[in-house]
Structure formats: structure tokens, C-alpha cells
Amino acid sequence: MNRTRWTLAAAAGVAALVAIVAVSWRVPARAPKPAAPAAPAQFVGSTGCAGCHAEAFARWQGSQHALAMQHATDKTVLGDFGSATFRYAGVESTFSRRDGRFIARTDGADGKLADFEIKYTFGVYPLQQYLVEFPDGRLQALSIAWDARPKDAGGQRWFHLYPKEKIDFRDELHWTKRAQNWNFMCADCHSTNVRKNYDAASDTFKTTWSEISVGCEACHGPGSRHVADPKQPLAKPGLEACAQCHSRRAQIAEGFHGGER
């Protein structure tokens, strides 16, 4: 009799357990699909800001940010390229024009004189440097720069960035070496949304930017969402946005946007 009761009780317990499991495994009502994450904001360029921010855009246009880097043209090149010469460390360099191009004849990576075309200007005041592009994607900054100050202030002349030293082609500070490489040393602060795109296997660069100079988005972050909907706020630049360039620092990662830590 006791065995029968125990058997019935066990059966009832199993049935209850099955019922609980069945309820817990019941397929719930289908929940709505979560909304797809918003696409990341894109860079639109400073001209995309001009329509609504005309006054700020006009002030920016004449600023050193806007002129931080430019294509070499008659309007942007300040230096004397009228067959001017400059002598340094036993090397006589010549700056001239040829077929509408700006040419610097100076010592190359092998120490021999050669002609190098200036592709970009770098900075504007109180000095302007010049960038030479090489087939491997490197842009190198000449160490002979133009003093853009007025003549009565000692300017309007060529000068060397290391006047008290004798930097030749064997020195790490020579303009063809790594210390004067734009892609690695300079680009992040003189252009907007720079991607170095260095390939270690071939030791080449395919560096890109969204804007050649320091545009609005270099400080405010990418602006596509704000352009599409002005209610979407942009970052208000603070100390950290300025410090990314105006401090003694080294870049450890790409992709910093204004407003971020």
C-alpha cells in the first residue's frame, strides 16, 4: 500500500515537473526587431557648413587653419622661385619655375643634386615649407623654408631650419629621411580626417584626407548628421580638441574626432 502511494506521488511530481518545463519552454510572443544602429557620421567638408554658418566660414577661410596645407599654385606659393639660390653645408640649392611647376634643385637621398617638384605648400606664416612627393607615396618636407615675414622684419628670404648644424644626406634630419616625412610626422595636424594607409609589406603609403587643410570638422567632428538635421548637435571644441595638435604629443591611433576624449 505504501509502495503504491509512493508510486502515485512520484508520478504526480513528474507530471508537475513536465508541466512547469512545458510552460517555461513555451515560445514567447515575437518581439519587435531592434532598430538598426545609425550609420556613423561622415565628413562633408567645410563648404558644407558655409550655407548656415557663413560668418564663421568667412573667418575660417583666411585663417592659418584653412591655409595649413595647399596645392602648390601661383596663389599659394610665397617663396621666391625666380631662380633664387641658397647655400647650406656645401650644397647650393636653386628654386625655379618650369612649365608652370615649382622646382627645387637640391641634394637628394644620395647626396647628389637633382630636381624635385614642389607639390604642396605647408604653412603660411611666419614661414612656409614645401612638400615633395615620391613614387612610394611619401611626402617629404624640404628643410629649406621661406621666411614669410615682411622684409623689414628680416623676412622674404630662404633659410634652413637647422642653421647652426650641417645636415647632409646621411643625417636622420635630412629632408629625405623619416624625421621629415609628412605622412608620419605632420599630416595628422595639417589636414582633416587623415588616414596614413601605410603598407609594411611594400613599405609604401597611400595616405588620404577628407580635406587638405584643417577644416571645420577637424575640431567639430564629422558633420553629415548635422547637415541633414541641424538639431543633431556637433561637438563644441574644448582643450582636448586643441591639444591633439597644439601640444607636444605623439599620435598612437588614428580616428580621433572633435568632442571625443
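The sulfur of cysteine 49 lies 4.1 Å from the closest cysteine sulfur, that of cysteine 216, which is too far for a bond; a disulfide is taken here as a pair of cysteine sulfur atoms within 2.5 Å. Cysteine 49 counts as buried at 16% relative accessibility, where buried means under 20% relative accessible area, exposed over 50%, and partly exposed in between (1.4 Å probe, protein chains only). Cysteine 52, by contrast, is exposed at 70%, and its sulfur is 9.0 Å from the closest cysteine sulfur, in cysteine 49, again too far for a bond.

The model is predicted, so local features require pLDDT of at least 70 and side-chain atom pairs pLDDT 80 or more, whereas totals for chains, interfaces and linings use all residues. Residues are numbered from 1 along each chain as its sequence is written, and side-chain values use heavy atoms, without hydrogens and water.

Because the torsion about the S-S bond is about -105 degrees, the disulfide is left-handed. Both partners are partly exposed, cysteine 189 at 22% relative accessibility and cysteine 245 at 28%.

The chain as a whole has 8 helices and 11 strands, which are DSSP runs (H or I, at least four residues; E, at least two) numbered from the N terminus. Of its 261 residues, 33% count as buried.
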